[in-house]
Amino acid sequence: MPILTDDTAWRERAAQSTWHDEWLVEFDGERAVRGAGTVSSGGAASSPLAVTGAEGSDLVSACAPPVEVLFAGILTNAGELDADATLTPASIVARLFATHGADAFARLRGSFAAMVWDGATRRLHVVRDQVGLQPLFVARSEGRWYFAGAPRPLVSLPGVSRAIDALALSEWICGWYPAIEDTAYRDVKRVPPATVTTYADGGIQQRRYWDPSPITEPIAWSREEDLEVFEGLLTQAVRRAVRSVKGLPAIFLSGGVDSITIAAAATDITRAAAVETPLALSLVFPDAASNEEVVQSAVARQLQLRQRLVPLTEASGPQGLLAAALDLSAGWPQPMWNIWSPAYLHLAKVAGLEGARVVLTGRGGDEWLTVTPYLMADLAARGDVAGVWRVLQAWRQSHPATGVRGSARLLWNTAGRPLASAALDAVATRPWHARRRRRLLGERPAWVAPDPAIRDAMDARIERWMDPARPPQGFYVREMRTALFHPGITHDMEETQEFGRRNGQRVLHPFWDVDLVNALYRVPPDLLMRDGRSKWLLRRRLEARLPGLGLERRTKVSARGVFTGMLAREAPAAWTTLGGLPTLSDAGIVSRASVESASQSLAELERSGAGRLWTLLTLEAWAQQRHSGP
């Protein structure tokens, strides 16, 4: 049974424990121009689409001539789109497309990738969810396009190289993250999120189908009375996530207000529906500065949730977090992004053993409910000194470790420097732009990209990482839009789906629900920090829902000390296991002369920052496996 078209059979598959992502869809553009029939599971001559390897995956199809749909993932708003609970997501999309055409995609919510063939216009529309949760990759082989849920099936095709993308990985090391379409493979590209890619008449067109507020239009900022919708949208987002998969829900519960808010909402929703309340999963960090066990336990106790408190050392395994992360990265579809993934993968496994099929997180809260300090640049430009002071104090309230020197650096980096740059750009645009470009290129370590061709290509693409010196809607909006377009968001979201897939679970982030983001994007910063602290909308809710825990005064807790300490302890052994960075050296990504010895290299890398050291190690672990593995 290569691909499912029967709704009942799909539901039987949805109940299985795990699924794979190595299906492959072939699109024959020439056949599409000549005429097409139905989706083929073996490559029938009448269809421009042929599917292989779908058995055991979550790829399903639907056919409502002249519309054919291939769908992977889940729709969290399926019940809102169609009252027929027996329909597969593919069937729902087919019905919507028949009525709304390509505008149907903007109505979908969840983690999804879809390929829709419109036989009437002979166009193939390929789309991913708005955030980029559901992975979808594309490559070209022998004149045809191929799509897959993971890169591996694509690099097995004739003419598609397994070579790593030295340019993209060099940019990654520098912190100039690869373009959103780039992957770690040279010949495999990522289908961008929130975008409809249309293949027709031998050409390709792309159109972004979601943007909370296009940059060409002024933001319609909300008023305080408009905030009444927030409670309903948050509840809707959590309800969608909880009900998206039948079975016990779980929640990654930290001591932060984001995950606590999601846990409280999920608890209220499940109790109202008389179903089992969420299982709380909490990671316990070893050092006092990062340990939130007291708050985690108090929240679970007051919400009356079952809780599993797992020490970081247990979640990491006996080999340690770094070794566990590098082992995982070697077998990951893409190099591992988040070093904490092994620990959260363990938490998800714990939840799976108790029957949890969906895991909720608090991700997205920082992006949409925290006020970026770059607001100070906009306020200073208007001469609002009191406003600058309020933002600075709000930041210090949420980040108490910020002392006088830290505040001064913050003020310069997010207000003084941006305004000075804007002024220089206004009076000497071209010379100042050239100087900014040279300065950014100068931040590239000398040992990165010794290959002149790679270095030249990096130089040619550096413009992508130069923010406008005079952003048209101000520095605050510029920073907000980073969360929409930064490649790191999609990479991180894909990674959460990977460890969910391995456990047979969906990992969902209610704060990234599109309808909630649409509303939060327009909340002005003065309302986000109404009482002098960020995330006022959440803290006022928690103060009423969980009184007595002091959550209205919670400050940001960082695990940076755990991260840097772990690298200092474990990096030398990891370096020895990998044998240095031989694969990255052979690819021209790092200089062999600069990585001759572990002691010299680690000392240099530690000066470059712990984050860069982790990046190099995870890229090497992944690249070695691709170089020598099957």
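## Charge and basis of the model

The chain has 70 positive and 68 negative charges, and their mean positions are 3 Å apart. Lys and Arg count as positive and Asp and Glu as negative, with His and the chain ends not counted; each charge is placed at NZ of Lys, CZ of Arg, CG of Asp or CD of Glu.

This is a predicted model, in which local features need pLDDT of at least 70 and side-chain atom pairs count only at pLDDT 80 or more, while totals for chains, interfaces and linings use all residues. Residues are numbered from 1 along each chain as its sequence is written, and side-chain values use heavy atoms, with hydrogens and water left out.

## Overall fold

The chain holds 27 helices and 16 strands, taken as DSSP runs numbered from the N terminus (helices H or I, at least four residues; strands E, at least two). The radius of gyration of the chain is 25 Å, which agrees with the value near 25 Å for a compact globule of 630 residues; this radius is taken over C-alpha atoms, and the globule rule is 2.2 Å times the number of residues to the power 0.38. Along the principal axes, the C-alpha atoms fill a box of roughly 70 × 60 × 55 Å.

Of the 630 residues, 57% are buried (buried means under 20% relative accessible area, exposed over 50%, partly exposed in between, with a 1.4 Å probe and protein chains only). Carbon and sulfur atoms account for 52% of an accessible surface of about 25,800 Å². Among contacts (heavy atoms within 4.5 Å) between residues at least 6 apart in sequence, 72% join residues at least 24 apart.

## Helix α24

Helix α24 covers residues 560-578 and bends by about 45° at Glu570, with Pro572 following within four residues. The bend is the angle between axes fitted to the seven residues ending at a position and the seven starting there. After α24 comes Gly579, with a positive phi near 75°.

The buried residues of α24 include Val562, Phe563, Met566, Leu567, Glu570, Ala571, Ala574, Trp575 and Leu578. An α-helix has 3.6 residues a turn, so residues three or four places apart point the same way.

His509 sits in the loop between β16 (506-508) and α21 (514-520) and counts as buried because its relative accessibility is 6%. Beyond its neighbours within four places in sequence, His509 contacts Leu133, Thr361, Arg363, Met493, Thr496 and Gln497.

Asp378, in helix α14 (residues 375-381), is buried at 11% relative accessibility. With neighbours within four places set aside, Asp378 is in contact with Gly474, Phe475 and Tyr476. Asp378 and Tyr476 are 98 residues apart along the chain, yet their C-alpha atoms are separated by 7.1 Å. Ser421 belongs to helix α16 (residues 404-427) and is buried, with a relative accessible area of 10%. Ser421 touches Trp432, Arg436 and Ala469, residues up to four places away in sequence not being counted.

## Backbone points to check

Pro65 and Pro66 are joined by a cis peptide bond with omega about 10°. Pro66 lies in the loop between β3 (60-64) and β4 (67-75).

Ala274 is not a glycine but has a positive phi of about 55°. Ala274 is in the loop between α8 (257-272) and β13 (279-284) and is exposed, with a relative accessible area of 70%. Lys535 also has a positive phi, near 65°; this residue is in the loop between α22 (525-528) and α23 (536-545) and is buried, with a relative accessible area of 8%.

Terms used
Areas by Shrake-Rupley, 256 points an atom, 1.4 Å probe, with all protein chains shown as cover.
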